[in-house]
Every structure is written in C-alpha cells, then in structure tokens.
Amino acid sequence: MTALSRQTLGQLDSRIAVPNYDRGAVTPGIVHFGVGGFHRAHQAMYLDALMNRGEALDWGIVGVGVMPGDRRMQEALAAQDYLYTLVTKHPDGHYEPRVIGSIVGYLFAPDDPEAVIERMADPATRIVSLTVTEGGYNFHHVTGEYDLTNAQVRHDLEHPQAPQTTFGLIVEALRRRHERGVAPFTVMSCDNIQGNGEVAHRMFTAHARALDSELGAWVEREVSFPNSMVDRITPVTTPADIDELKRRFAIEDRWPVVCEPFTQWVLEDHFTLGRPAFETVDVQVVDDVMPYELMKLRLLNASHQALTYFGYLAGYRYAHEVCQDPLFVDFLLDYMTIEATPTLRPVPGVDLDAYKRTLIERFANPEIKDTLARLCAESSDRIPKWLLPVIREQLARDGDIRRSAAVVASWARYAEGADEQGRPIEIVDRLKDSLLAIAQNNRQQPSAFIENRQLFGDLADDERFRQAYLEALERLHAHGARATVGALVAR
C-alpha cells in the first residue's frame, strides 16, 4: 500500500495517471473558497489538465476553508502535499484514477484570517473562485436582497479586519488592493445559481457598500463577476470509496473524489486580470452563459429534485435505483419536456432531446451511487432557485405545472420526517426546525407549507398552483409516492 504524497508519485500503480509537470514550478494565481468534492472533480481538474500540457503553471490554486468542518479537508490535503485522487466511475464498472496536482496550498480562515486576506491581496492572485453551495450567498429567497441582519455579516461589518465570512474576507482583500493601487481580482462563482456571477456581483457589492460607500462603488465598477454553468455529478466520498481505491490500486488517499465521466463548464469571458486558457481543455468560453445555465438548472438540477423526494418516499435510497424504474423515468421525461423545456431559451449547439436522454443515463449510472439523502439535503436553498422559477414562468404562460407542483408536495411530504413505512427521515436543511414544525401539520393544514412566504413568496396566492399542490399532497397521503407519480405520467 502506497500513501499518496509528492515523494511517492513514481511508486504508484501504473494505471493511475499522475501529474507530468513539476509541481515545484507551480505558483498560486487562484484562491478558491469551498474545496469540496465538486471543486476537486471540476475546476481543479481542468487546471490540472492545462498544467499537464505545460500551461497555466502560474495559476495554482490555494484553497480556503471558512466553515468549521473545512478543517478536515485542510488536514487531509496538507498530509499528502495537497494531492488527491480523482476516480471517474464508468457505468460498466471501469474505474479511471488520476492524481490531481493543481492545488498547491490550503488556508483555514478561522485559524488565520489575515493570511487568507493577504493571499488575496497579493497581486499574484488574479482570480478568487467560489463553490460555497446555493445557500452560501446570503440573500433573501424572495426579495433577492443581501441579508445585512445575518449575525456573522454584522460582525464582519463591525470588525472588517477580522472577518468570519467569505464576504468579509474577500471584501477586505479588495479594500486593501484598492488602497494599495492594485487592480482587483476577478470573482468567479461556480455555484448552481441562476446568474451566479450577477448574484455574486450584487452580494459582494452590497457588503462593500455597507462597509464604505466609496469602496462599494469601486467594487461595482471595477470587479468582474463572470457567469458560469458547471456540471458533473460528484457524490460524497464514502469510506467504501476509500477502501475500494486501496483494493483496486493499492493507494492510500485520505480523501479521494469520485465522479461520473460527464463534465461540462460554460464560462463567460469577463476577467479583469486574465485567465487560464480554459478553452483548450474543452471549457466552453462564451459571451452569454444564460441559455446553458437555464438548461442545466431546470433540466438537471430540478430533475434531481423531481426524483429524490418521490424516490425516497417510495423506498429507494440511490438515484440510479429511481432512474432504472420506467415509471419514474417517464415522469422525469414528462417534467423535462412538458414543463421545463418551454421555459428555456435556444441553446446554441445543444440537441435538447439528446441532452434529456443523456441526463437519464447519467442518473442511472450504478457506479456513482449518488444517495437520495444527498440530493434531498438543503431543499430550502435548492427548490426556490431551481424549480420555482419553472412554476412561475409556466403560470405566466398558462403552461402545465402539475408535475412541478407535485414535486413541491413531495418535498412537503418528505419534510414530515418519516417515510411511507414510518421510518424516520433525517432532514438536513438550514431551516430544518421550522420546516418540520409546518410539515408535521400537513394533514390538518395542507396549504401551510406553501404559505411560507420566506420560501414561496406569493405563489400560494395563485389558485392554479395551490390546487395542483393540494391535489398532489392529498394523493401522497392517501396512496403514496408511486401512485402519485403514476397519476402524473402522460398517457
């Protein structure tokens, strides 16, 4: 068994691809917040591919952890010289391992916020990128405004040189660059939010403006926030994944990443201080990300929501199990074709029918073992961003919303905290307590869940949505998830 490190790269199984560049020659150019599985299967992988071509060696990544749980990642990566194994799992059982070397450091912000700020203030840092999840942007789901009442945000505004949040850290670094006459870095969001760059622009500008009006105006005017669309199914790494890597390839990796073969990144070309030549490693660099973004959010991400609660309630525990069931496949395709597709813009170079079929094939990959529990997590951040826009647009165009409304009902039923066999469901959501309190009264007050204006705004006032939701929730209680899905499949 070989423990992964810079010194042992030459000792690894020959089937494991390793960096062919001198990692000692790689210098930092990017600071990345949120070094989880997705970042390591996506952005870091693309940069590693560039470096293997002898390019972008001045674009090494320094990771930053802000949350308490990020300390584990910092410790795991530091112990193996910031190397890790990316394992692509093919549907036929073939594993394709590759050691990624594009991360060259990791700073844990709670230990030393000053080091994080100064790393970003360094002129060598030209991009600060983010995968901080859909809930990490601190905006109100209905108004879209930056939440200045957040306790940590208030702390950062009062103590800007000792910040606790991503916003406070980045804005303080921008302030120092402005003060020192250094051009600002680009802030590049890689999160699953519609108009992620525009959202980041609004939120960071709002924080800067609350701190200092002149600074806010400079951030608004000078900092670039390109939109992007990112896509790769990357389930949480399990102990079984670590053991399987040891068994198949005799490598000991503290925190490998597993992913599907498919990967896509569509990126707007708006950068203040340049960027790596991403287009040479199959990144789609475009003028307008929006059509691709809507396609992905409303077909892939919203479809994950469409399968996960129904599937879990019906007794499944993995996405591939649901997508090997013809009834659920028909339901997903009907949602995508009848409700989501009419809300999309033309997508240059994409056959949408083929894209939908590819999504089902990807979801059905048995090697990925993507848990429904993962897909069910943080619903209050996902449903409002991915599914509710479909409902609103379909209502405006007098389109069908029965399946989308039923997905909302399946979430409400799931949020009751017990499946159809009475087994407890562990709800993972920042609004867990309030959601449980409402959902456990679904039978007595069936409309209360969608009357939560913090999440749904005025949707409950629309009679067509309200009735579709109530009918689906009643059927879920009376007949179960499978029968509810069956009733909605187009005949």
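The domain assignment, automatic or from a database, divides the protein into domain 1 (2-287) and domain 2 (290-489). The model is predicted, so to speak of local features requires pLDDT of at least 70 and side-chain atom pairs count only at pLDDT 80 or more, while totals for chains, interfaces and linings use all residues. Residues are numbered from 1 along each chain, and side-chain values use heavy atoms, without hydrogens and water.

**Exercise 1.** Determine how much area domain 1 and domain 2 bury between them.

*Solution.* Step 1: buried area is the accessible area (1.4 Å probe) that two parts lose on being put together, summed over both. Step 2: for these domains the value is about 2,500 Å², with 59% of it on carbon and sulfur atoms. Step 3: on the side of domain 1, His-141, Gln-194 and Ile-233 lose the most area, together 26% of what that side buries.

**Exercise 2.** State how many salt bridges are counted between domain 1 and domain 2.

*Solution.* Step 1: a salt bridge places a side-chain nitrogen of Lys or Arg within 4 Å of a carboxyl oxygen of Asp or Glu. Step 2: the count between the domains is three. Step 3: separately, Arg-362 and Glu-260 form a salt bridge through their side chains, at 2.4 Å from N to O.

**Exercise 3.** Identify the residues through which H10 and H13 make contact.

*Solution.* Step 1: contact means heavy atoms within 4.5 Å, and helices are DSSP runs (H or I, at least four residues), numbered from the N terminus. Step 2: H10 contributes Met-295, Lys-296, Leu-299, Leu-300, Ser-303, His-304 and Leu-307, and H13 contributes Leu-352, Tyr-355, Lys-356, Leu-359, Arg-362 and Phe-363.

Definitions and conventions
Helices (H or I, at least four residues) and strands (E, at least two) are DSSP runs, numbered from the N terminus.
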